[in-house]
Amino acid sequence: MMTKRYLIDTSIILDDVENLYFLYQNGENHIFISDITLHELDSKKTLENERGYFAREFFRNVLDEMSLPSIFAPKQRDTLQQIFLEYNHCKIPLHIIHRTHYKTQSLDYGLNDARIFEIAKDYDCILLTNDIALKVYAISNNLPSQSLMRDKIENPQKIEFLSSFSAHQNSILEDLHNNDDFKALSNWSLLEITELDNTESSLYLTGKKHYGIKIDNTLELINFDEKIKEDKLYINPINLEQKFFYTLLTHPKNKITICSGATGSGKTLIALQAGLHLLKKGAVSGIIYLRNTITANDKEAELGFRKGDENQKLNYFMYPLFSAINFMITKMQKESLAKRIEYKGDANSIESKEATEYFIQKHNIEVMDIAHARGVSISKKFVIFDEVQNAPNSIVKLIGTRMAEDSRIVFLGDCTQIDHPYLSKFRNGLATLLKKAKTDDFLAGIALKQTIRSDIAGWFEENF
């Protein structure tokens, strides 16, 4: 492979310091950084967000050693020094260009970008930037320019986990196991099988369908109605998607489930019901609910700005959980006199009323602030991590590494509803997990597309 020279724009480092390790490729490429980029990083390091974190991370990992003369010859009156960044146990040389006199002296807009372009041109570098305006400007001036978004997921909302097959009613397992398309699927793939039969001369559809999951490279057929009846749930799944979702969550071999779904598709409700069933069986000892507590551009939404103790502050953000609990309580109260007596009092979605508090205590449900998860080991719990589209990959990793062997976790979210100011529908924790679940045998994934709320909610989901 031919060695390349990359001049790194600030946006690459602020995206993730690990990009430098990825680019270095054990010495196959040379990395250049201008003094402009260093100044911009220095100005960002006090920010209390992900960009500020990566700016600080860059300077933290620069080795406190004497800089060395670069192996490359400086242009004009530049100073060209080599420093080292230690990352992932690798010592990465960075060629730092200090220019005292830029040809571009003044611009109403984009002065730093113009100067970075100037240096890339002089040193015959590929300009690496995630700033689309700078990239277009460079390409239009015949300078090679690329972007680097290693974890960008194209069209995450189009990732499908359900596959359709046809099989003869007398040989469903044999037909599937001999099917090359079935063999190519990862474990935990969801299957819809159309039943065929034959006369002496031709095959025909019987009108029956079978459903199953690929587990350990074999087909496991599922009778949803029989399973739901046997489990005696508070709330039954009402469509095929929810039945598959519930089955995945309660399967004894499944530890991690990823679920994307529009508002009103029943993600939180079915996840909570699955947790309650596992609790009843003794598979887990409690349920933990996690949800991001900061929304975009809303400083007042941070926990520190809310009134009350930690639990009262968290309650503002746990509406989906309380709403699911209240729905269950209301349904049980309507259907059973015994439940009306047991769950006496009112259930309210915003403030914890008597019935809700009793339900939470009875089922050992705990609400956890993500900020307090570091250093914690979560043992024998069913963890529901909601709104994962607003979590960067670093937070997903933080929570995932807290899980003990006997715990299970489900990640819920909707890639079309991003509130985080530094994430997009292409780059977020949920999108990353969905892509991995499509091909990784260790993860189960499902997309819920049917909205079960009102016609009004459905209209807004489709039209906005």
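Predicted model: local features only at pLDDT ≥ 70, side-chain atom pairs only at ≥ 80, totals over all residues.

Helices here are DSSP runs of H or I with at least four residues, strands are runs of E with at least two, and both are numbered from the N terminus.

**The whole protein**

- The protein contains 18 helices and 17 strands.
- Along the principal axes, its C-alpha atoms fill a box of roughly 85 × 70 × 45 Å.
- Of the 464 residues in the protein, 48% are buried.
- Take the contacts with a separation of 6 or more: 65% of them are between residues 24 or more positions apart.

**Surface and charge**

- The protein has an accessible surface of about 24,000 Å², and carbon and sulfur atoms account for 49% of that area.
- Among the side chains, 56 are positive and 63 are negative.
- The centres of these two sets of charges lie 2 Å apart.

**A nonpolar patch**

- Which residues make a nonpolar surface patch of about 350 Å²? They are Ile456, Trp459 and Phe460.
- You can find Phe460 in helix H18, which covers residues 455-463.
- Phe460 counts as partly exposed because its relative accessibility is 43%, and partly exposed covers the range between under 20% (buried) and over 50% (exposed).

**Around His251**

- Is His251 buried or exposed? His251 counts as buried, because its relative accessibility is 8% and the cut-off for buried is under 20%.
- Leaving out residues up to four places away in sequence, His251 touches Trp188, Ile215, Glu220 and Arg408.

**Around Tyr102**

- Tyr102 is also found in a loop, this one between strand S5 (90-98) and helix H5 (111-122).
- With a relative accessibility of 5%, Tyr102 counts as buried.
- Which residues does Tyr102 contact, leaving aside its neighbours within four places in sequence? They are Asp35, Ile36, Arg115, Glu118 and Ile119.

Terms used
Residues numbered from 1 in each chain as written. Heavy atoms only, no water. Buried < 20%, exposed > 50% of the residue type's maximum accessible area, 1.4 Å probe, protein only. Contact = heavy atoms within 4.5 Å. Areas by Shrake-Rupley, 256 points an atom, 1.4 Å probe, with all protein chains shown as cover. Lys, Arg positive; Asp, Glu negative; His and termini not counted. Charge placed at Lys NZ, Arg CZ, Asp CG, Glu CD. Patch = residues over 30% accessible without salt bridge, like charges linked within 9 Å, V, L, I, M, F, W, Y side chains within 5 Å. Salt bridge = Lys/Arg side-chain N within 4 Å of Asp/Glu carboxyl O.
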